[in-house]
Amino acid sequence: MANFSKFFNEHLSTLSCRDFHEGVSCQRHILSSCIYCPLSIMKLFSPIYLFAIIRKYRSLTKEDLKEILLNYKSCIMGCSVTGICCNCILCVFRVLFRKHFLYTLIFIPVWFSAHFIFLCSKTVIEMASTTAYQYFVESLLRRNNVLSKTISGSKSIQTAIFMLCSALILHGKRAFDMKGFWLIKPSPATISEESEDFRRIGCNMHPKLTCGHYLWEGVRNNFLMGLAVDCLRALKRVSNQPLSTKTWTKAMNIRMYWGPLFSLYIGLYRLTHCLLNRVDVAPDKLNHALAACCAGLSHFFYPEMTLFHFAVVQAIAMLWRMFQMCGAGTENKISRALLSFPYTYVLYPLIQAHCVHIHIMRPQLCGTFHITTDNSFTNNYSTTIMNKVQETIKRAKGLQ
Ligand SMILES: [Zn+2]
Ligand SMILES: [Zn+2]
C-alpha cells in the first residue's frame, strides 16, 4: 500500500480535469451530468421496477402501484443527486487542490455523495446498500488469495454456501416475518394438524390443493416470472446496441436462464417440503429449513454468481436481524445501544466509496453489473476515469 501510495504521488497525482473530460470545460461537463445522469439512472432502474409490477400482477392493487411508482421516483431523484454531486465534487477537488491524493481522486467524493441516498425512501436505501454490499462481496471473491480462489473455483462449495444462505433467508422470512427481496415467498403453515383438510391432504400448507397441484402452481408461476426477467434482459441487450434487423433477430432468440432457474428453485423447495411433511418425522419448522436448504441445490445446475453474492448479503442481513431480535430484551445499555445502532448510515457510504475506488484502481475485481451501475450513476464518467488511470499506470510501469 505504501508502495502504491508513492507510485500514485509520482504518476497519478498530476492528472487534471483536462485529462478526464477532454475538450470540455468543467461547467459543460457538470451541465451534461445534470442532464444525462438522471436519464441513464432511469434506464438502469426502469426494468427493476417494471419487474416489481410484473411480480405482483395478480394481486396488484392501486396502493401497491402507487407505492412502487413513489419508490421509483424517490430512487431516480436520490440516485441522480448522488451521481451529479459526485461528478461535481471530482471537478471541485481537482480545481481546489490542484493535485490528487490517493483518496481525493475518487474515494472521498463518492463517500460524500453517497450520503444523498439517505434522502430516498427506506426501500431504496435498503436496495442501494444491499447492492453495494453485494459488489463488495464480489470484489472479495475475485481477489487473489487462497480462500477467494477456493470459493470462486469450486461449484460444490458455492452450492453448499448457497444452500445455507437459502435456508437462512427463507427461515428468517417464515419464522420472523422479515422483509427483503428473495426469489420466492416462504410457504406458510395454514392448516392445523387436527383439521379435516389435513387428514385429507396429509400436508399442512395448501388447504384447497393437493401437493401435486401446489407444486405445479409454484413451478408454473415462477417460470413465467423468470421468463419475464429473461425478456427484460434481452430487451436491455438490444437497447445497448445500434438498431438493426440483426439485433432484433438476436433478441428473438431469448436465452432462457432465469425461467428454468426460478422454477427449479421453487420446485425443489415445495417438493422437499411436501414430502417431508407427509413423511412426518420431524417438526414442520425443521422440514421447512431442510426444504429451503435443498432448494439451494439449484445453484449447482444454474450457477448465477450475481444471485450467489446477493444471497450471501441477504443471509448475513437476516442473521444480524435475528441476532438483534434475540438481544432486544437485554438489560445491558451498551449491548442495547450496539444492537440498535443504524450501521447502514456509516457502512453504506464507506462500502460504496470502496467499490468505486476499486473500479478505478483495480477493475479486474469488478463484475459487469458493478461497472454498469457505476457508469449509470455517473453517466459513464467512472469508466472514463478508470481508463485514464489504467492507461497512466501502464505507461508508468512501462517506463520503470
Ligand atoms: Zn472538471
Ligand atoms: Zn404439500
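## A walk through an all-helix chain

Residues 24 or more positions apart account for 74% of the contacts in the protein chain with a separation of 6 or more; two residues are in contact when their C-beta atoms, placed from the backbone, lie within 7 Å. Before you start clicking, note that this is a predicted model, where local features need pLDDT of at least 70, side-chain atom pairs count only at pLDDT 80 or more, and totals for chains, interfaces and linings use all residues. Residues are numbered from 1 along each chain as its sequence is written, while chains are lettered from A and ligands numbered from 1 in the order in which they are written.

**Stop 1: the whole chain.** Show it as a cartoon and you'll find 19 helices and zero strands. Helices (H or I, at least four residues) and strands (E, at least two) are DSSP runs, numbered from the N terminus. The C-alpha atoms fill a box of roughly 80 × 65 × 45 Å along the principal axes. Of the 400 residues, 32% count as buried, meaning that 20 or more other C-beta atoms lie within 10 Å of the residue's own; 12 or fewer makes it exposed, and anything in between partly exposed, with C-beta atoms placed from the backbone.

**Stop 2: two domains.** Colour 1-149 + 367-399 as domain 1 and 154-185 + 209-327 as domain 2; such bounds come from an automatic or database domain assignment. Their C-alpha centres lie 28 Å apart. The contact takes 11 residues from domain 1 and 10 residues from domain 2. On the domain 1 side, select α3 (26-55) and α6 (122-141), the elements that give two or more residues.

**Stop 3: the core.** Now pick V110, A132, I169, F262, Y265, Y269 and A311: of the 72 residues in the largest nonpolar core, these touch the most other members. A nonpolar core is a set of buried Ala, Val, Leu, Ile, Met, Phe, Trp, Tyr and Cys residues joined through C-beta atoms within 7 Å. Each of domain 1 and domain 2 supplies at least three residues to this core. Apart from it lies another core, of five residues, including I201, C203, M205 and Y214. Zoom in on A311: leaving aside neighbours within four places in sequence, A311 is in contact with F162, C165, S166 and I169.

Stop 4: Select 62-97 for helix α4, whose 36 residues reach 52 Å from first C-alpha to last, close to the 52 Å expected at 1.5 Å a residue; the expected span is 1.5 Å times one less than the number of residues. Next try 344-361, helix α17, where 18 residues reach 25 Å, close to the 26 Å expected. Buried residues in α17 include Y348, P349, I351 and Q352.

**Stop 5: record features.** UniProt (unreviewed entry) places "transmembrane region" at several spans, among them 30-54 and 254-271; its positions are given in the numbering used here, feature names are shortened, and annotations may be inferred rather than shown by experiment. Select 30-54: the span is 100% helix, with end C-alpha atoms 36 Å apart. Residues 254-271 are 78% helix, and their end C-alpha atoms are 28 Å apart.

**Last stop: a loop.** Go to N379, in the loop between α18 (368-378) and α19 (381-399). N379 has a positive phi of about 55° although it is not a glycine. Is N379 buried or exposed? N379 counts as buried because it has 22 C-beta neighbours inside 10 Å. N380 is in the loop between α18 and α19 too, with a positive phi near 65°. N380 has 14 C-beta neighbours inside 10 Å, so it counts as partly exposed.
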